[in-house]
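Colleague: Could you walk me through this model before I look at the details myself?
Modeller: Gladly, here it is.

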Amino acid sequence: MNMYYNHLLKFINIPLVLFLTALLLVGCWDRVELNDLGLVLAAGIDKADNERIKLSLQFAVPGAMGIQSSVGGGQEGKNPTVVESATGKTIVEAMSRLQAKFSRRIFWGQSQVVIIGKNLAQTEDIKKHIDFFARYPKARIRANVFVADGQAIDILKVVPVVDRSSSEVARELANFNIGIQVTVKDLIESLSDEQKVADLPMIKTNKEGGLIINGTAVLKNGQMIGQLNERLTRGLLWLKDEMGISTITVKPKGYNNEITFNILRSRTHHIPKINNGKWKILLKIAIEDDMSENETTINPLDPSLIKDIEKQLSDTIEHRIYQTLEVVQKEMKTDIIDFGKTFNRHYPDEWEKVKDRWDQKFPEIEVEIESNVNIKRPGMISTQ
């Protein structure tokens, strides 16, 4: 009887062992080596001839970027990125042509930046191109979007001195909140809502060959209709409650030199009001500053003098905001500040009556600003 059971167990165990061995092998069948992938770090879209677009992809060079590969070997001295391009009527067509001439499988899992050439943004509805990044499953919808003040491919070809790639520089600039920060997801949502307006940070190369944020591109119906310079962009950041790293310099009345302040915190609240058919927005702004450099003889510990400087700072900020409003509200007539959404939340019935003609209503909105500046750390040093 025991011999019968032992023989039966052996008969059962043979297929079981084969099955378990097969399971161990299954996990490796579709493995792709790093050397077989072209790791996309950034994408650039430019206008080409014959109603085509040029898709440029920035790829990582694994060895030069310090990424381990199965082949091994150092690649010191090589550029950490390479840029490849192809044209097509759509991004999908251009990418197909690019893949046909590229030796590695294009992999979008590391993509972090999308750059749109200025000429393309000014002449076409970019939504049809941006839709690709939402529909293509391997593209990253959280990638930051910029408009190049020139050709997108020129931004991708920049080789930074410190960072590993121009896409890394662009991403860090976006994280610093130096300008407007917009992802692919944000842009698609903005261009898909009722007003179909959006703003994008503009990026360009500087004299040293690096990258800088160069104002804001304003889009309406998917097309760039104008841009704000750096000064007006600061006002826009106050308006949108997106002010990040920033400094403000003022020259106190009666003094020849200046004082520089770092912004520690800033909050902007939009309070809408409708009275007797008159639409109004009250902007309440609270700012906390740190006196970082004092070139005057002002005693920073004198409360009365600090109050005067706080008032001057408040006036300076309000002036910048009103300058931005003059351009955005009166000249461009484009609600990138989202006043419409604010009124829709608080006065939905009134909003329904004007939403179809918001382009005409938006410039009529009266804006009042109440800013409160608080110098938290005045310091103890003056040039006295």
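**Contacts, cores and ring pairs**

Modeller: Residues 24 or more positions apart account for 71% of the contacts in the chain with a separation of 6 or more, a contact meaning heavy atoms within 4.5 Å. This is a predicted model, in which local features need pLDDT of at least 70 and side-chain atom pairs count only at pLDDT 80 or more, while totals for chains, interfaces and linings use all residues. Residues are numbered from 1 along each chain as its sequence is written, and side-chain values use heavy atoms, with hydrogens and water left out.

Colleague: How many helices and strands are there in the chain?
Modeller: The secondary structure comes to 12 helices and 13 strands, taken as DSSP runs numbered from the N terminus, with helices being H or I of at least four residues and strands being E of at least two.

Colleague: And what share of the residues counts as buried?
Modeller: Of the 384 residues of the chain, 45% are buried, where buried means under 20% relative accessible area, exposed over 50% and partly exposed in between, with a 1.4 Å probe and protein chains only.

Colleague: Which residues touch the most other members in the largest nonpolar core?
Modeller: Those are Phe133 and Phe339, in a core of 82 residues; such a core is a set of buried Ala, Val, Leu, Ile, Met, Phe, Trp, Tyr and Cys residues joined through side-chain atoms within 4.5 Å. Helix α9 (residues 303–332) gives the most to this core, with nine residues. Apart from it lies another core of 18 residues, including Ile115 and Phe146.

Colleague: Switching to rings, how many aromatic pairs does the structure hold?
Modeller: There are 13 aromatic pairs, counted when ring centres of Phe, Tyr and Trp (its six-membered ring) lie within 6.5 Å, with planes under 30 degrees apart called stacked, over 60 edge-to-face and the rest tilted. Tryptophan 108 and tyrosine 136 form an edge-to-face pair, 6.1 Å centre to centre with 70 degrees between the planes.

Colleague: Why does that pair tie together parts apart in sequence?
Modeller: Tryptophan 108 lies in the loop between β4 (105–107) and β5 (113–117) and tyrosine 136 in the loop between α4 (127–135) and β6 (144–148), so the pair ties together parts that are 28 residues apart in sequence.

Colleague: Is tryptophan 108 buried or exposed?
Modeller: Tryptophan 108 is buried, at 1% relative accessibility, whereas tyrosine 136 is partly exposed at 24%.
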